[in-house]
Amino acid sequence: MNRRIAITALASTIAIPSFINVAFAQNPTSSASSASGNTGAKMGEAEAKHAADTLAAGSMSLAASRVALKKAQDDDVKQFAQFEVAEQETIADILKGMRDQTVAANGQVKPPSDAEVTGQLDAKGKAMLEKLESAKAGSAFDPEYIKGQIEGHQELLKIQEAYLATGKDRENLSVAKLARGQIKEHLVLLADINKNLKD
């Protein structure tokens, strides 16, 4: 179980930055780019929507996982939260860099602040985060966190599927397929953790 999580986390760390870099390459600026704040990166409508939706859903996963680092009890839940925080912080940093071309590129990940993360959440996301923050730490917290991660990853999967159904750019379609595979793997891992918590 732990080995599968470690392998998935490593694959995601490698795959997602490539996904973001390729997804924003050589696309014209669109109204969705402006509306979502992605004015630094040149992208088409479908690419800008995909990036904005991915960031919003990823921010919920990041915020919840940061809470889980403090409150989770189960070792597998803690480990998943650690991997998810690292992955989502990297994605958020890359997306921020793509929107602001004036920031010098470097190999260090600058994690978004809690305020930046919560600023990306919609009303449903804020309500879910408040529920997790007010939940008692320990065994009662773990199933709530995992349930939220399953729902969040299902949403991320829908976002990839929606782009794959409408996107026209060959590179973007290829990397969205890769992201979809990673999300599906996370869903399998989450299902395993959820089953173990119930046993």
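**Reading the packing of helices**

Guide: In this predicted model, Met128, Lys131 and Leu132 of helix H6 meet Phe141, Glu144, Tyr145, Gly148 and Glu151 of helix H7.

Visitor: How are the axes of H6 and H7 arranged?

Guide: Two packed helices are described by the angle between their axes and the distance between the axes. Here the axes of H6 and H7 come within 10 Å and cross at roughly 160°. Angles over 145 degrees count as roughly antiparallel, and H6 and H7 are therefore roughly antiparallel to each other. Their crossing is left-handed.

Visitor: At what angle do H3 and H6 pack?

Guide: For H3 and H6 the angle is about 0°, and the axes are 10 Å apart. H3 and H6 are therefore roughly parallel to each other. On the H3 side, the contact is made by Met60, Ala63, Ala64, Val67 and Lys71. On the H6 side, Gly125, Met128, Leu129, Leu132, Glu133 and Ser134 take part.

Visitor: How many helices and how many strands does the protein chain contain?

Guide: The protein chain has eight helices and zero strands. Read from the N terminus, its elements run α-α-α-α-α-α-α-α. Of the contacts in the protein chain with a separation of 6 or more, 69% are accounted for by residues 24 or more positions apart.

Visitor: Where do phenylalanine 141 and tyrosine 145 lie? Are phenylalanine 141 and tyrosine 145 buried or exposed?

Guide: Both lie in helix H7, which spans residues 141-166. They are four residues apart, about one turn of the helix. Phenylalanine 141 and tyrosine 145 are both buried.

Visitor: Which residues touch the most other members of the largest nonpolar core?

Guide: In soluble globular proteins, nonpolar side chains tend to be buried together. In this chain of 199 residues, 46% count as buried. The largest nonpolar core has 27 residues, of which Ala68, Val77, Leu129, Leu132, Phe141, Tyr145 and Ile146 touch the most other members. At least two residues of this core come from each of helix H3 (45-71), helix H4 (75-99), helix H6 (123-134), H7 and helix H8 (170-198).

Visitor: With which residues is tyrosine 145 in contact, leaving aside its neighbours within four places in sequence?

Guide: With those neighbours left aside, tyrosine 145 is in contact with Ala64, Ser65, Ala68, Val77, Phe80, Ala81, Glu84 and Leu132.

Visitor: Which contacts does leucine 173 have beyond its neighbours within four places in sequence?

Guide: Leucine 173, which lies in helix H8, is in contact with Tyr163, Leu164, Gly167 and Lys168 when those neighbours are left aside. The C-alpha atoms of leucine 173 and glutamate 161, twelve residues apart along the chain, are separated by 10.0 Å.

How values were computed: Residues numbered from 1 in each chain as written. Predicted model: local features only at pLDDT ≥ 70, side-chain atom pairs only at ≥ 80, totals over all residues. Heavy atoms only, no water. Buried < 20%, exposed > 50% of the residue type's maximum accessible area, 1.4 Å probe, protein only. Core = buried A, V, L, I, M, F, W, Y, C linked by side-chain atoms within 4.5 Å. Contact = heavy atoms within 4.5 Å. Axes fitted to C-alpha atoms, helices over the stretch in contact; angles between N-to-C directions. Parallel < 35°, antiparallel > 145°, perpendicular 65-115°, else oblique. Left-handed = near helix turned anticlockwise from the far one by under 90°.
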